[in-house]
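Dear colleague,

I am handing over the structure below, and I would ask you to keep it open while you read.

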Amino acid sequence: MDKFAELALEAPAEARGVFFTKVGERQKELTALEARLRTAKTVPAAMDLEVRRLETEARRRLEELRESIGRNPIEARRFIQELFPNGLTASPLPTPGERRMRLIGVSAPGRLFGIELGNSASPAGSHSCCFPRSTSPPLERLAA
């Protein structure tokens, strides 16, 4: 870089401007590239931290759900029935040393939060919409 700067000073005045313009452009490209590199190094660490935070939160909420189910199993059964209105299908999983089951069912979570999804007509055609239910969701009763 120093050698080029010395050569630019020895060059005619109109050539110096071109040289310094090119050096400035290269410096901008280098700065942008360094910023992208810093971002590429930072983003995975931030995502890893967020994933760990979400995992901790999910585990905490599952523990709270276990406690709620243990406190009121009758309401927990109603909650599951409301969440899976067509029921669940259970089948054993072949796992060595422990008993596990695979549960399969179609969930209707909107019903739990007081909304149901449905289709309605509009000038643009058919579209999905939400409307409130008149009964309180069993989730509130379970947590009580």
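How many residues lie between E1 and E2 in the hairpin that they form? There are six residues between these two strands, and in the turn Gly 97 has a positive phi of about 85 degrees.

Before going further, please note that this is a predicted model, in which local features need pLDDT of at least 70 and side-chain atom pairs count only at pLDDT 80 or more, while totals for chains, interfaces and linings use all residues. Residues are numbered from 1 along each chain as its sequence is written, and side-chain values use heavy atoms, with hydrogens and water left out.

Together with Ile 80, Met 101 and Leu 103, Leu 88 forms a nonpolar patch on the surface, with about 350 Å² of accessible area in total. Such patches are made of residues with over 30% relative accessible area and no salt bridge, with like charges joined within 9 Å and nonpolar side chains (Val, Leu, Ile, Met, Phe, Trp, Tyr) within 5 Å, and accessible areas come from the Shrake-Rupley method with a 1.4 Å probe, only the protein chains shown counting as cover for residues.

The structure also holds ten salt bridges, each being a side-chain nitrogen of Lys or Arg within 4 Å of a carboxyl oxygen of Asp or Glu. One of them joins Arg 78 to Glu 75, with the closest N and O atoms 2.5 Å apart. These two residues are three apart in helix H3, and are therefore separated by about one helical turn; Arg 78 is partly exposed at 41%, whereas Glu 75 is buried at 11%. In helix H2 (residues 13–71), Arg 26 forms a salt bridge with Glu 29 at 3.7 Å between the closest N and O atoms. Finally, Glu 57, Arg 60, Arg 61 and Glu 64 are linked in a network of salt bridges.

With kind regards

Methods: Two strands pair if DSSP finds at least two bridges between them. Helices (H or I, at least four residues) and strands (E, at least two) are DSSP runs, numbered from the N terminus. Buried means under 20% relative accessible area, exposed over 50%, partly exposed in between (1.4 Å probe, protein chains only).
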